[in-house]
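Welcome! Please take a look at the structure shown here, and keep it open while you read.

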Amino acid sequence: MTSPTAAQPALANHTSQNYNEHASFVYSDKNTAPILRLLNAQSGESIVDLGCGTGQLTEKIKALSWPDAQLSFARENGNALGIEYTRGDIQDYRTLDASLEGRFDAVFSSATFHWCKANPGGVVETIKWLLKPGGRAVFEFGGFQNTVGVRGALHDCLRRRGYDPAKADPWYFPTAEQYSALLQLHGMSPSDVELHQRPTPLTTDLFGWLKTFARRTFFAEFSDLEANSMMEEVVESCRPDNYWCDAMPGLGIKPPVGATGNEGWNVHYVRLRGSATAPSC
Ligand SMILES: C[S@@+](CC[C@H](N)C(=O)[O-])C[C@H]1O[C@@H](n2cnc3c(N)ncnc32)[C@H](O)[C@@H]1O
């Protein structure tokens, strides 16, 4: 069984170091349980994970889909999980290794398709190209109103300086109806495509989140000095809605220096989760 994963260096919108430090909630057991349930991986299935990031979720899927006998043999012999990785732009299957065509029982993808704003239809074509006839795709990514408030603050910050935020914004956050229609347009049969609200406590803080996801996108054109100052500005715009602290319960403001108690940041994630089946011939 193989589980190659497509990743495009030109689309490296976040570094691995920042991703693991500030965004490990993306692949946490809690946040990935719903999509793994929907995938319902069976022993011996051939599954491809599109957009592997730093690979933690890919490893979970590989472990779920390996026949028990092979898995225990590999463990006893000290082998790694034997995942195959490959590079390519999932918006264009011609950038992928030709041997992958029609090879998979299932296509899986988490937290990736919203980065494919340039050609979301191309992603669906890639899914179809990878699947065996009648195979299934299971996906979760940012849907309509994902990161509400923070995205608006990022736009305001750029607009105030005379830049067009729509150009710098890397995200595609469709509604469930829009994404179902796109799947159908490309010959896939969607099911259970729905938006799920998921207020998400951040691993560190909003500045770390922005450094991970906005520094190389919204603020790609700016020096570190300028970008840091703009990200601080976005943090303060978002504080009333996204920050809590025990020193000032319910107020969404910075506590005075020396105040004690816990504090944290939340971002309101909205996930578009669902599945779709490829034509049977
Ligand atoms: C937020 S990470 C998610 C990683 C992983 N699925 C997880 O849940 O931790 C998004 C991933 O999508 C990949 N990606 C974004 N656009 C892509 C594209 N057009 N082709 C291939 N990979 C892409 C990035 O390189 C990154 O690995």
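## Before we start

This is a predicted model, in which local features need pLDDT of at least 70 and side-chain atom pairs count only at pLDDT 80 or more, while totals for chains, interfaces and linings use all residues. Residues are numbered from 1 along each chain as its sequence is written.

Helices (H or I, at least four residues) and strands (E, at least two) are DSSP runs, numbered from the N terminus. Two strands pair if DSSP finds at least two bridges between them.

Let's begin with β2, which covers residues 104-110. Of its 7 residues, 6 are buried, so this strand is mostly covered. Here, a residue is buried if 20 or more other C-beta atoms lie within 10 Å of its own, exposed if 12 or fewer, and partly exposed in between, with C-beta atoms placed from the backbone. Strand β1 (residues 47-49) runs parallel to β2, and 3 bridges join the two. You can find one meeting point at Asp49, whose bridge partner in β2 is Phe108.

Phe108 also has a bridge partner in β3, namely Val138. Strand β3 spans residues 131-142 and pairs with β2 in the parallel sense over 6 bridges. With strand β6 (residues 263-277), β3 pairs in the antiparallel sense, over 7 bridges. Val138 turns up again here, standing opposite Ser275 in β6.

Look for Tyr243, whose bridge partner in β6 is Trp265.

## Helices that meet α10

Two packed helices are described by the angle between their axes and the distance between the axes. Axes are lines fitted to C-alpha atoms, for helices over the stretch in contact, and angles run from 0 to 180 degrees between N-to-C directions. The axes of α6 (residues 150-160) and α10 (residues 224-242) come within 9 Å and cross at roughly 135°. That makes α6 oblique to α10, because angles under 35 degrees count as roughly parallel, over 145 as roughly antiparallel, 65 to 115 as roughly perpendicular and the rest as oblique. The crossing of α6 and α10 is right-handed; a crossing gets this name if the near helix is turned clockwise from the far one by less than a right angle, and is left-handed if anticlockwise. On the α6 side, Val150, Ala153, Leu154, Asp156 and Cys157 meet Met230, Glu233, Val234, Ser237 and Cys238 in α10. By class, this contact of α6 with α10 has 7 nonpolar, 1 polar and 2 charged residues. Residues are in contact if their C-beta atoms, placed from the backbone, lie within 7 Å. For the classes, Ala, Val, Leu, Ile, Met, Phe, Trp, Tyr, Cys and Pro count as nonpolar, Asp, Glu, Lys and Arg as charged, and the others, Gly among them, as polar.

Now turn to α9 (residues 206-213), which packs with α10 at an angle of about 130°, with their axes 10 Å apart. That makes α9 oblique to α10. The crossing of α9 and α10 is right-handed. Leu206, Phe207, Leu210 and Lys211 in α9 meet α10 residues Met231, Val234, Val235, Cys238 and Asn242. By class, the contact of α9 with α10 has 7 nonpolar, 1 polar and 1 charged residues.

Most residues other than glycine have a negative phi. Gln145 has a positive phi, near 75°. Gln145 lies in the loop between β3 and α6 and is partly exposed, with 15 other C-beta atoms within 10 Å. Asp192 has a positive phi too, near 55°. Asp192 sits in strand β4 (residues 189-201) and counts as exposed, with 12 C-beta neighbours inside 10 Å.

Lys117 is in the loop between β2 and α5 (120-130), and is partly exposed, with 13 other C-beta atoms within 10 Å. Not counting residues up to four places away in sequence, Lys117 touches Pro170, Trp171 and Tyr172. Is Arg215 buried or exposed? Arg215, in the loop between α9 and α10, is buried, with 20 other C-beta atoms within 10 Å. Leaving aside its neighbours within four places in sequence, Arg215 is in contact with Leu210 and Ala227.

Note on methods. Two residues are in contact if their C-beta atoms, placed from the backbone, lie within 7 Å.
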